[in-house]
Amino acid sequence: MAESYDVIIIGSGPAAMAAAFPLAEATKRVAVIEGNRFGGTCPNFGCDPKKLLYTRSETAWQAGKLRGTGIDGTTSFKWEDAMKEKNNYTDSVYKEIEQSMKQANIDTYHGYASFINEETVQIDTITLSAQTFIIATGLKPSSLPFKGAETLLTNEEFLNLPSLPRSIAFIGGGYISFEFAHLAARAGTNVHIIDSGDRGLKAFDRDHVQALIEQSEAIGITFHWNEEISSIESSDYEVTIRTDKQTLTVDKAVHGAGRTPNIKKLNLEAANVDYDGTGIHVDGTLQSVSNPRVYAAGDVTATHSLPLTPLSSQEGSVVVHNILEEQKKTLHQGAMPSIVFTIPKLAKVGKTKKRLDQEGIAYYVKNTSMTDWLTYSMIKEDQALAKVYVCKKTGKILGADFLTVYADQWINLFSLAIQLELTTEQLTSVHYTYPSVLGDSGNVLPIQ
Ligand SMILES: Cc1cc2nc3c(=O)[nH]c(=O)nc-3n(C[C@H](O)[C@H](O)[C@H](O)COP(=O)(O)OP(=O)(O)OC[C@H]3O[C@@H](n4cnc5c(N)ncnc54)[C@H](O)[C@@H]3O)c2cc1C
Ligand SMILES: NC(=O)c1ccc[n+]([C@@H]2O[C@H](COP(=O)([O-])OP(=O)(O)OC[C@H]3O[C@@H](n4cnc5c(N)ncnc54)[C@H](O)[C@@H]3O)[C@@H](O)[C@H]2O)c1
């Protein structure tokens, strides 16, 4: 007979974790099923190992910039050594996450779950049943429409390369390719980015992306826009990429051309769960539109939210509330900030110019080059840019874009300002420390 649970969670990433622990605390009998490493993409093959490598490349960049001005010797980003440190982290984090689940009385299962019917899933020879299911299976690299696409290295494989080859091509010019390309280029690899579109990072401010492209070219990254790949041929030694414009031979090629809902193995038809290529169809409470026993959370939902860790966690928490409480909660995404970890970092929050124009909102905008300011000249940053949008009528902050190594600090401040609907006056009335990055806040705001 199938073992029975109150809630079975399929997947163990940020969305699943945000749901599993509070449900167990509320004395629900919970099982979590994971086909790969516990913790999901973020701690194993995404945000965290990427950031660990990034911090080392950023430190080497900073030391290089300040060499001869009180900083001695040569510093470089050494992939092999940084990878050892990365592996120290990733070799244990998934075990710790599973262990903490067990300590919280959550049963853990290894393997890919597949529905047999509306109340039962199968993992190899084991069957489990539940009152409620949460599907939190995330995304996987999308299938690409050319021969040999399956030979491209995934994010998981790139982040496990013990050493970098002499040359790498990244297919796609989005978040993954920009971040990985910067790491590889700064470790001395010859890097290409090939995109079928006319520009990358389309959700970000066009001027800032152009400035980032120019800085990327300066560290040896070559961009190929508007190129359709017709085939990729991979051997043990090299990869030949044929496009409508050229034939390019590199040592390795990496998939950075988008991610798609990880639902193939779930056999959703057996559970009467509606979905399409954008993910699982849910209502505002994150309940399946076709089967009320099922909720979905995180990247796998067709909620059209950005596939980011904080949003996935937020969705997991909304699902917990809706399972435990009579009064249902709906998902309010608010102004979600987003950042690309390149040098400089590229970040955005709130409404873009395009969106404001579409919505017919009258605004002031201030474009600022901060490069000559003390904060940036002190660290010899090549270019530091800010763009802030403010409502003409109310003075409230509507959107902000930054390109600087300090963009992570800036964007969190503006996320807070937009979320709390602060006006420029309120933001400038705050006391900041001096000298500091955010101490310059008053100078990036449009004057009304
Ligand atoms: C390279 C990279 C870098 C990133 N960097 C950032 C960043 O800096 N900041 C940020 O906010 N976001 C970042 N992201 C996005 C972030 O990782 C995701 O948004 C987040 O992990 C999504 O959480 P999730 O719980 O929805 O899914 P995931 O974390 O993807 O977890 C889903 C889990 O479900 C498992 N699974 C799938 N199918 C089944 C099945 N049938 N049975 C059992 N288990 C199954 C998978 O193995 C996986 O472990 C990055 C992503 C990538 C790929
Ligand atoms: N720092 C972060 O927060 C972070 C980092 C990495 C990934 N992520 C998340 O992961 C998601 C996926 O990232 P991604 O970089 O794979 O996708 P993306 O959607 O950011 O970029 C994909 C790019 O690939 C191009 N493309 C698509 N098909 C192509 C083809 N056949 N040939 C050439 N180019 C092609 C597209 O034009 C696009 O520019 C992102 O949406 C992001 O939310 C976030």
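Predicted model: local features only at pLDDT ≥ 70, side-chain atom pairs only at ≥ 80, totals over all residues.
Gly-258 has a polar backbone atom 3.0 Å from an oxygen atom of ligand 2. Then there's Ser-196, where a backbone N or O atom comes 3.2 Å from a nitrogen atom of ligand 2. How much of ligand 2 does the protein cover? On its own, ligand 2 has 860 Å² of accessible area, and the protein covers 78% of it.

So who's in the shell? There are 20 residues around ligand 2, and Ile-176, Glu-179, Asp-195, Gly-258 and Ile-339 are the closest. If you sort the shell by class, you get nine nonpolar, six polar and five charged residues. Which helix gives the most to this shell? That's helix H6, residues 175–186, with three residues.

Now let's zoom out to the domains. The protein splits into domain 1 (3–141 + 260–324), domain 2 (149–257) and domain 3 (338–428). Notice that domain 1 is written as two stretches, 3–141 and 260–324. The C-alpha centres of domain 1 and domain 2 are 26 Å apart. Where those two meet, 18 residues from domain 1 and 17 residues from domain 2 make the contact.

Why do we say ligand 2 lies between domain 1 and domain 2? Because both of them give residues to the shell around ligand 2.

UniProt, in an unreviewed entry, puts a feature called "domain: FAD/NAD(P)-binding" at residues 5–316. Over that stretch, 5–316, the chain is 32% helix and 25% strand, and the end C-alpha atoms are 18 Å apart.

On to ligand 1. How many residues surround ligand 1? The count is 37, and the closest are Glu-34, Thr-41, Lys-50, Ala-113 and Asp-299. The side chain of Glu-34 has an N or O atom 2.6 Å from an oxygen atom of ligand 1. Ala-113 uses its backbone: an N or O atom there is 2.9 Å from a nitrogen atom of ligand 1. Asp-299 also uses a backbone N or O atom, 2.9 Å from an oxygen atom of ligand 1.

Ligand 1 exposes 1000 Å² when taken alone, and the protein buries 92% of that. Several elements give two or more residues to its shell, among them helix H1 (14–25), strand E2 (30–34), helix H3 (47–66) and H6. By class, the shell around ligand 1 has 17 nonpolar, 16 polar and four charged residues. And ligand 1 lies between domain 1 and domain 2, because both give residues to its shell.

Ile-343 and Pro-344 are joined by a cis peptide bond, with omega about 0 degrees. You'll find Pro-344 in the loop between strand E19 (338–340) and strand E20 (345–350). Another cis peptide bond joins Tyr-434 and Pro-435, with omega about -10 degrees. Pro-435 is in the segment after helix H12 (424–428).

And finally, Asn-105 isn't a glycine, yet it has a positive phi of about 65 degrees. Look for Asn-105 in the loop between helix H4 (79–103) and strand E3 (107–110). That's my tour, thanks!

Conventions. Residues numbered from 1 in each chain as written. Chains lettered and ligands numbered in written order. Heavy atoms only, no water. Near = heavy atom within 4 Å. Polar contact = N/O pair within 3.5 Å; in protein donor to acceptor, adjacent residues only side chain to side chain. Areas by Shrake-Rupley, 256 points an atom, 1.4 Å probe, with all protein chains shown as cover. Helix = DSSP H or I, 4+ residues; strand = E, 2+ residues; numbered from the N terminus. Nonpolar A, V, L, I, M, F, W, Y, C, P; charged D, E, K, R; others polar. Domains from an automatic or database assignment. UniProt positions renumbered as here; feature names shortened; annotations may be inferred. Contact = heavy atoms within 4.5 Å.
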